[in-house]
Every structure is written in structure tokens, then in C-alpha cells.
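Subject: Structure for you to look at

Hello,

Please find the structure below, with the sequence. My notes on what was found in it follow.

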Amino acid sequence: MADVELTPDEVRHVATLARLGLDDAEIERLGRELTSILAHVNTIAALPIADVPPTKHSHENADSLRPDVARPGVPRAEALRNAPDPSADGFRVPPIGA
Amino acid sequence: MTGIDVIGLTAERAMGLLRAGECTAEELAQAYLDRIAVVDPEVHAYLHVDPERTLAAARAQDAAGGDALSGVPIAYKDLLSTKDVPTTAGSRILEGFIPIQDADVVARGNEAGLVSLGKTNLDEFAMGSSTEHSAYGPTHNPWDLTRVPGGSSGGSAAVVAAGCAPWSLGTDTGGSIRQPAAFCGLVGLMPTYGTVSRFGVIAFACSLEQVGPMTLTVRDAALLHQVIAADSPNDATCTGPRDAIELPSAGRFDGLRFGVPWAELEEGVEPGIRARFDESLAIAKNLGAEIVDVELPYSRHGLAAYYVIAPAEASANLSRFDGVRYGLRVDGPDIRSMYEATRDAGFGPEVKRRIMIGTYALSAGYHDAYYVQAQRVRTLIRQDFDNAFAGVDAILLPTAPTTAFPIGARLDDPLAMYANDIFTLPVNLAGIPALSLPNGLSDGLPSSLQIIGPAYSENLLLRLGAAFEAEHQFDFVPAAMRGGL
């Protein structure tokens, strides 16, 4: 893969996917930094290893399963304890469809 | 003030004092709290200390009349959840967060009777190699306060080196136990993946990270690993250690073969680090080991693979911080703008950088080229280690290519910062264990030897470490910590 240079619009698109509200100065700085980091990452892009199976996890053959027994969940008051804006029975959020 | 000198006090000796009745757990805890009050304003290694809670826990151990480790103090990296005690992960986005559960490793510490002295500083969400990326300010290296302690478990390293805890727990995702242990003259153990529960560890990169001990001696590392290494019903990737962890003693290396990947040492290693490393090879030969060349040809691609895989996992893990269930919220007119404003205000620059790399690498059109390709490299790195271990019992490398660098020196160059982990992160990609231990001084700063073994070889690594330790006779108390501080 040829070296990539991220444009401000591409950086904005990635920031949108990541739900990061970045200002123009951050977009400019991250564009520069990502371009340089991706240039380094690209050193593996050209390796002829398409037939090598990917490793997702170093412990992929291990399983540690507990008995399938019902147990109590987290009590509601505890679950809501750290919420920035709890209601009596849930998490209050700003309008979703606005 | 108590009469107990905690500077350079190992956990094993602290246990001896307690069991001999020479001090109570409360007196020992008070001695550390006194030391913390004097030293921590200079070192800034603790994010949270609660003397009343600590003393109450110590008194409870005294009252219980426990044995073994009961009453020995400990410090926990602030990435580990502690029930009813603030846990920040070094981030503004978790300021004020009070976990409702203990991490499994903390619960096991409590069951063993360990007394928590507090929570230690770290790079935000464990992303960094210097502890400068903490939202709460950098930690200073007790060997030279103008330098970094390493990272991300820099606070856990500095508290032990400064005599502000006998030992601590850190986490290691790409070197975050071993490199700060190296920079601060300590022993650090990165366990085999899956031997220690990650339940309650605030997640950065799940396929890479493990919790492990940071200690003054190899025997202390074994003692603490005995406490934390166990199967857990709370972590489906955790199967515990294969063999019981033994307390090591020094012995000879007759019949053992150690591999050195010489090609990896050709560039970027400071002369002092290289000189100390060569001296340790001479020690190994004197003890009867055979030193042979091994090749890890894909290790040099470890940095690139790691900086795709770890950020990709991080971008997914950190999506949970959205201003809804816990932590910071910055309000907005709709939920989308609330998410974006909260995450912009709550995350620091390094975390944003990694979320952006990870999101990019996982986005449509790039997933195969970056993420899957990096996972193929991961396979080849694992095969390199498998091939090497077919012919050798362990692999020796420096832990880091440099000694501790000055605060601020690498902050503006992310790639230079990342490169400090070249000798540690292939080990995480392979999921195998490694022990880092002091290897003499280079220009007055600690140098470090890394012993890497096949999966589940912790007992071998600890035995080898104990033998090197006996030969080195390393004085782990920094000169600056003996005097006025």
C-alpha cells in the first residue's frame, strides 16, 4: 500500500466514526500524526503473507467456562451510582432523534 | 513517626517483621504513610491515598491474627477497579468514578490480607511509555526526578523504588510492567496470557494485556504472583497457571541454552545498556549456560503490528465512555453532540490519537489491509518464538533500548516514544511470559535484563532471575532516596 496522506476531511470522517468532537487545530495535528504513524504501519502492508492465518488472540484455544447457573445481576441503585444524570430507574440522555 | 525503615524493605522482609511480632500491620502501614507524605509530593506516584481506610484495613489484619502475607502493604495501579475507592485510569473521563466491584486481582490481594496503600499514577488508560500521558500530571523517576519512570505502570514502579510501597501491581499491554520496572531498578513479571484474571481491569487491549507484580526482588515477584495467578469464573480467557508458582532460589545454569537474537540488537541500543547486557551473558556462561544465536525475523515488524492491533482493540473498548453510565458528561442539544463533546473533553491527546488510528484501521476498506495484515504478522511473530524455543530454554534481551529519558524529551514524537517498547511488545503479541530484572547501572541509571520464556515457564524465569539477581547484587535503593527525601 502506498503511503497515505490523510486529508482534513478524511480525519473528520474518522473522528465522526469515533464520536470525537475535534476542533480544527486537533484535526490538523492528528492528520499530521496519523500520516506519520500510518507510514510506519505501512512497512507491514507490503509483506507477501496473504496465505498466513491471522491470530486474533494468543490464547484462542483456551476456554474458561463457569457453570450456567443463574445469579443475581448488579442491583439497580449500584448500576446507577456513577451515572452523570440518573433517573429513578435508568440513565437519562439528551434527545436521540433531534 | 514509627521506627520502621521502609526504604528498600522487601515484602518478604516486611512479612518477616510482622510474623516475628516486631511490628504490627498498623505500625507498618503508618510507616509507609509517613514516607508517602514526605516523598510523594516530589515523585507524584500516587493518585489516591486514604490514610484512614489504609489504617483501618491494617488494624483489621492485626485483629484477625493472620499469617503469611497478612498485613503486608501494597499499591495498585489505578487501572484496577477498587470497590468504593476512586478509580480513574489516569483519565479525566473517569474523574470521580467509584467502582462497585473489586478487580479479581484486588479481591485476591484482600483475601491474602494485603493492605492497600493507594492507587498509582499511569499513562491515561495505560497508553504510553512514560506516565507523562496521565491527565493528573507526570510521575518522576526516584533515581533522577527530572526523568520519567517509564510507563504505563510508572506510578506502580516509582512507589516501590521510592520506598512508598514494598511492592505493587501493574498491567502490561506492550511492556507497561517491564519497561517501568527497568527504568526504576525493579523486578517486573509479565505473566503468560490467560494466567491472571483481567476482570475489573479497565480494558485497553484485551488480547494483549495481563496484570503482574512489580517488586524489589525476584522472590517477592514469585510471592505476589502466587497471590494473583488463578483461574476465575469472571474472565473467560483466564485459565490460571499450569503449575503452582514456586519460590525460587539461585542456582547454576548447567545444561541450559539461552538464545540471543543478535540481529535485533544491531541498532538503537544505548552503549551502556549493551555493555551491561554483554556482562550478563558472561555471567550466564560462568553459571554453565550455553549462549546461542536465535532469529526472530518478524520481531522487527512487531511495532507496526502492535500499533494497529492495540489501537483497534482500544477504539472498541473505549467506546463505552460515552457520558451515559459513568464518568464525565458534557451536555449537548442531542445525544450525538453529547457523546462527541464528552469524549473530546474527557480524553487526552494520546488516547485520541490511538482511538483515531484504531478507528481508521477498522473502517470499511482498510480493515483487511491493516488489521488482518497485522494479525498475520502476529502469527509469524508467535511462530518465530515457537521456532526459537525448540532450540533454547529462554531468550535474553535488554528490556528497553535506553535508560530513563528526561521528562518531555519524547512527548512531541509519538513514534520515538513507541519505539522504546521494541523489545517488549513482541512478547505481548505472542502471549508468552517475560521477567525483567535490574542489570546494573548505566550512567547512574538502572539498566535491565529481560528473560523471555515459552508459555507457562514462569517458574523457570523466576529461577533464572534469582540466579542473575544473586550475581548482580544490585542495590535497588536510589541514592536520591537515601538522603533528604
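In this model, 59 residues of chain B are in contact with 46 residues of chain A. Five helices of chain B, namely H9, H10 (335-346), H11 (349-362), H12 and H13 (414-419), each supply at least two residues of the side that touches chain A. The most comes from H12(B), with 12 residues. By class, the side of chain B that touches chain A divides into 31 nonpolar, 14 polar and 14 charged residues. Please keep in mind throughout that this is a predicted model.

The two chains

Chain A has 3 helices and 0 strands, and from the N terminus on its elements run α-α-α. The radius of gyration of chain A is 22 Å, whereas a compact globule of 98 residues would have one near 13 Å. The C-alpha trace of chain A spans about 55 × 45 × 20 Å along its principal axes. As for burial, 19% of the 98 residues of chain A count as buried.

Chain B has 16 helices and 11 strands. Its radius of gyration is 21 Å, close to the 23 Å that the globule rule gives for 485 residues, so chain B is as compact as a globular protein of that length. Along the principal axes, the C-alpha trace of chain B spans about 65 × 55 × 45 Å. Of the 485 residues of chain B, 62% count as buried. Taking contacts in chain B between residues at least 6 apart in sequence, 77% join residues at least 24 apart.

Helix packing in chain B

Two packed helices are described by the angle between their axes and the distance between the axes. I have two pairs to report, and H9(B) is in both.

In the pair with H12, helix H9 (residues 302-317) of chain B packs on helix H12 (residues 367-389) of chain B at an angle of about 125°, and the axes are 9 Å apart. The crossing of H9(B) past H12(B) is left-handed. On the H9(B) side the contact is made by B:Gly302, B:Ala305, B:Val308, B:Ile309 and B:Ala312. These meet B:Tyr370, B:Tyr371, B:Ala374, B:Gln375, B:Val377, B:Arg378 and B:Ile381 in H12(B). The contact of H9(B) with H12(B) has 9 nonpolar, 2 polar and 1 charged residues.

In the pair with H11, the axes of H9(B) and H11(B) come within 7 Å and cross at roughly 100°. H9(B) and H11(B) are therefore roughly perpendicular to each other. From H9(B), the residues in this contact are B:Tyr307, B:Val308, B:Pro311, B:Ala312, B:Ala314 and B:Ser315. Their partners in H11(B) are B:Arg354, B:Ile355, B:Ile357, B:Gly358, B:Thr359, B:Ala361 and B:Leu362. The contact of H9(B) with H11(B) divides into 9 nonpolar, 3 polar and 1 charged residues. B:Val308 and B:Ala312 are listed in the contacts with both H12(B) and H11(B).

B:Ser152 lies in the loop between strand S3 (115-120) and helix H5 (154-161) of chain B. A cis peptide bond joins B:Gly151 to B:Ser152, with omega about 10°. B:Ser152 is buried, with 34 other C-beta atoms within 10 Å. Leaving aside neighbours within four places in sequence, B:Ser152 is in contact with B:Leu122, B:Asp123, B:Ala126, B:Met127, B:Gly128, B:Thr131 and B:Ser176. B:Ile177 is 25 residues from B:Ser152 along the chain, and their C-alpha atoms are separated by 7.4 Å.

B:Ala75 is in strand S2 (residues 73-77) of chain B and is buried, with 29 other C-beta atoms within 10 Å. Not counting residues up to four places away in sequence, B:Ala75 touches B:Leu117, B:Gly118, B:Thr120, B:Ser156, B:Val159, B:Ala165 and B:Ser168. B:Leu94 is 19 residues from B:Ala75 in sequence and 20 Å away in space, C-alpha to C-alpha.

Two residues other than glycine have a positive phi. For B:His44 phi is near 55°; this residue is in the loop between helix H2 (25-43) and strand S1 (46-48) of chain B. B:His44 is buried, with 21 other C-beta atoms within 10 Å. For B:Tyr456 phi is about 65°, and B:Tyr456 lies in the loop between strand S11 (445-452) and helix H15 (458-472) of chain B. With 16 C-beta neighbours inside 10 Å, B:Tyr456 counts as partly exposed.

Regards

Notes: Residues are numbered from 1 along each chain as its sequence is written. Chains are lettered from A and ligands numbered from 1 in the order in which they are written. This is a predicted model: local features need pLDDT of at least 70, side-chain atom pairs count only at pLDDT 80 or more; totals for chains, interfaces and linings use all residues. Helices (H or I, at least four residues) and strands (E, at least two) are DSSP runs, numbered from the N terminus. The radius of gyration is taken over C-alpha atoms; the globule rule is 2.2 Å times the number of residues to the power 0.38. A residue is buried if 20 or more other C-beta atoms lie within 10 Å of its own, exposed if 12 or fewer, and partly exposed in between; C-beta atoms are placed from the backbone. Axes are lines fitted to C-alpha atoms, for helices over the stretch in contact, and angles run from 0 to 180 degrees between N-to-C directions. A crossing is left-handed if the near helix is turned anticlockwise from the far one by less than a right angle, and right-handed if clockwise. Two residues are in contact if their C-beta atoms, placed from the backbone, lie within 7 Å. Ala, Val, Leu, Ile, Met, Phe, Trp, Tyr, Cys and Pro count as nonpolar, Asp, Glu, Lys and Arg as charged, and the others, Gly among them, as polar. Angles under 35 degrees count as roughly parallel, over 145 as roughly antiparallel, 65 to 115 as roughly perpendicular and the rest as oblique.
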